[in-house]
Amino acid sequence: MKESTDKVLKSTCSYCGTGCGVEVSVDKRGRLNLTGDASHPVNKGMLCSKGRNLHYTVSDHSDRLLYPQMRWSKSHPMQRTDWDTAIGRAAAVFKSLITKYGPDSVGFYVSGQCLTEEYYLVNKLTKGFIGTNNIDTNSRLCMSSAVAAYTQSLGEDSVPISYEDIELADCFLIAGANPAWCHPILFRRLEQHKEQHPDIKVIVIDPRVTDSCSLADLHLQLRPGTDTILLHAIGRCLIENGDIDLEFVQNHTDGYEDYKQKVLSTSLEEAAHICDVPLEQIKQAASYIGNATGFITMWAMGLNQSTEGLSKNLALINLNLVTGQLGKPGSGPFSLTGQPNAMGGREVGGMATLLASHRNLLNPEHRKEVAAYWGVDHISEKPGKTATQMFEALRSGEMKAIWIICTNPVVSMPDARLVDEALKNARFVVVQDISTQSDTLQYADLVLPAAGWLEKEGTMTNSDRRISHLNKVVSPPGEALADSEILIRFARQMGYHGFDYQNQAEVYAEHCSMTRGTKIDISGLSYERLKKEGSFQWPVPDSVHPGTPRLFTDSQFYTASGKAQIKSDTPTNLTEEPTPDYPLILTTGRIRDQWHTMTRTGKVNKLRQHIDKPFLEIHPHDAAERGIKEGMAVEIENSRGSVQVVAKLTDTIKKGVVFLPMHWGKTLQNDLTRANNLTSSVFDPTSKQPGFKFSAVEVKPH
Ligand code: SF4
């Protein structure tokens, strides 16, 4: 790793979707130095605790996968092998399964942490050459409800605004998100704005009093799952107060009359009762929004990870549409991406239901365009299996093999014991990862060691459509290879043409040229420009274009009519209800200093000091009813499984609701700290995003 110099190279933090810029150098003793990039428009030099400690995850190789390993059958031991043998075996098994059972018998499950070039390659490989659309990603667990809502409301998966709009707004509605912990630098910008302008209003909707409530002028502590009703009630107040922008609604939207009918069909008293929120607070929220000159809605997993995720997202976006707060400075809906490159993955179509450059898999013309571009006969019209569907298909035997890249589904997927069974039942499991600590490795037949952050080159897109270039700063340890290189070697071994890339810039250039003429056109954004001029927000359609901070400034939307669609469907309630056996509602989420399944942040001492073991947040009233005291070992259970952790009594959580952090996985002894033993794989019918945030459970002393 000590080959570098004192030269300072730029990169982007590889945790949350905020996308903070960093500067990295290697000193003469081979030590990595990392600071926030003061010239970066997102973070202006600031970094949160996770970002500040990123370089320790790179310089510590003690947990790294260093060479390929494989076993010849499930009864054989895992053994070290060389790359040629590993790739040869992967190709032989995939060819044999595809020949015998068809291309839909195999699939790829990748990650919102992959670089755009890697996403592009695996998508091309799967959809263009293997001939299946079974390529999905953990972004399915993160942003797909927001994607579906943007597409239905605005015509395309397009985040309209920019971070600079934060400093221009005077009212914020943060729903189902805790940016103080999960998007800390974005939250810091909001804090600074509020410090300078104490009169701006911040409304938080969350069943827990989170750190984000420290800024709140109003906290609506709703009953989990009732977000759509609450947001519609706020909409009703806006109508009754005369705070609808009728000019905008009439000229630039469709569907307002249906919306009005829908929101007026539930009285405010009834909504307040269902949501368990004081009526006065609903009116107050509407009054803040109605008086705003710049109104931003922000949300994350609290709305997305729901069996009614689409409906909740639409209900929130509608508040921007009916008030005309979109397409102008300091206003608009702003989904907070959970992962650093979930958006880049969507740009290249790296999901089971998408095609490259926001093309539609169900559109025959779009399939033809992509096939022609890749020089293949056709793209299958059959939508691929989404994340949870792939694991169900592996469990049932419908799918035979899966290739998992840069993600740890044994911990992160809902109903994790189903995932255990699926991987146990699969004929062939490839795990391509950087860490020996991934719980998924235990099911691998083939282990491929990958390069990590700073060990490879590529691009990522953050929450506000900003594309950044990430430099390679150090070499990967052992025999680890960049994910792109592994995929290219596999494609060539399979005999596929079209993978003769010399470097990442060529992969990126091919992706850019496919965007030409689309709404995400970045044909004017080369590697050279990114390296020389820094990050850009798409679209960037020509080589002198400055990028696009804000979309829809002309109120022309990407729908067929050019008008935004105010959708007010009645969601199909697929959420399980509490029962006498399982009377509490479990919600899960992140803690401040850990990331996903802790394979990186878990090895940094400083980050473990914040919270070092899993816990259950429970209201003192619910605890007393069960004889539970602070620090007591408790068991949380439902029909899917159980979890054993210590109880943390707090009145910051709503009565009847309990919270588990999502990070901890299986230990050597058992899997009883894994929160996803309890969650359900039932998903939103449109977005196919599972409902992690609502599971019926019971808790008892252990
Ligand atoms: Fe990294 Fe997100 Fe923290 Fe920025 S806010 S330093 S992107 S984890």
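Student: How do strand 19 and strand 20 pair?
Tutor: This is a predicted model. In it, strand 19 and strand 20 (residues 466-470) pair in the antiparallel sense, over four bridges.

Student: Which residue in strand 20 is the bridge partner of threonine 459?
Tutor: Histidine 469. Next along, methionine 460 stands opposite serine 468 in strand 20.

Student: What holds paired strands together in general?
Tutor: Backbone hydrogen bonds, and the pairing can be parallel or antiparallel.

Student: How many residues lie between strand 19 and strand 20 in the hairpin?
Tutor: Four. One to look at in the turn is arginine 465, with a positive phi of about 65 degrees.

Student: Which way do the residues of strand 19 point?
Tutor: Gly458 and Met460 point one way. Thr459 and Thr461 point the other way.

Student: New topic. Where is histidine 545?
Tutor: Histidine 545 is in the loop between strand 21 (536-537) and strand 22 (564-565).

Student: Why does histidine 545 count as partly exposed?
Tutor: Because histidine 545 has 17 C-beta neighbours inside 10 Å. Buried would take 20 or more, and exposed 12 or fewer.

Student: What is histidine 545 in contact with, neighbours within four places in sequence aside?
Tutor: Gly524 and Val540. Also, the C-alpha atoms of histidine 545 and leucine 525 are separated by 8.5 Å, with the two residues 20 apart along the chain.

Student: Let's switch to the ligand. Which residues are closest?
Tutor: Cys13, Cys16, Cys20, Cys48 and Gly51, out of 14 residues that surround the ligand.

Student: Which elements give two or more residues to that shell?
Tutor: Helix 1 (49-52) and helix 7 (184-196). By domain, the shell draws at least three residues from each of domain 1 (9-59) and domain 3 (144-335).

Student: What separates the centres of domain 3 and domain 4?
Tutor: 27 Å, taken over C-alpha atoms. The contact takes 21 residues from domain 3 and 23 residues from domain 4.

Student: Which helices supply at least two residues each on the domain 3 side?
Tutor: Helix 5 (144-154), helix 6 (179-182), helix 13 (301-304) and helix 14 (309-322). Helix 5 gives the largest share, four residues. By class, that side of domain 3 has nine nonpolar, 10 polar and two charged residues.

Student: Last bit, the whole chain. How many helices and strands?
Tutor: The chain has 24 helices and 28 strands. Its C-alpha trace spans about 70 × 65 × 55 Å along the principal axes.

Student: How many of the residues count as buried?
Tutor: 59% of the 702 residues.

Conventions
Residues are numbered from 1 along each chain as its sequence is written. This is a predicted model: local features need pLDDT of at least 70, side-chain atom pairs count only at pLDDT 80 or more; totals for chains, interfaces and linings use all residues. Domain bounds come from an automatic or database domain assignment. Two residues are in contact if their C-beta atoms, placed from the backbone, lie within 7 Å. Ala, Val, Leu, Ile, Met, Phe, Trp, Tyr, Cys and Pro count as nonpolar, Asp, Glu, Lys and Arg as charged, and the others, Gly among them, as polar. A residue is near a molecule or strand if its C-beta atom, placed from the backbone, lies within 6 Å of it. Two strands pair if DSSP finds at least two bridges between them.
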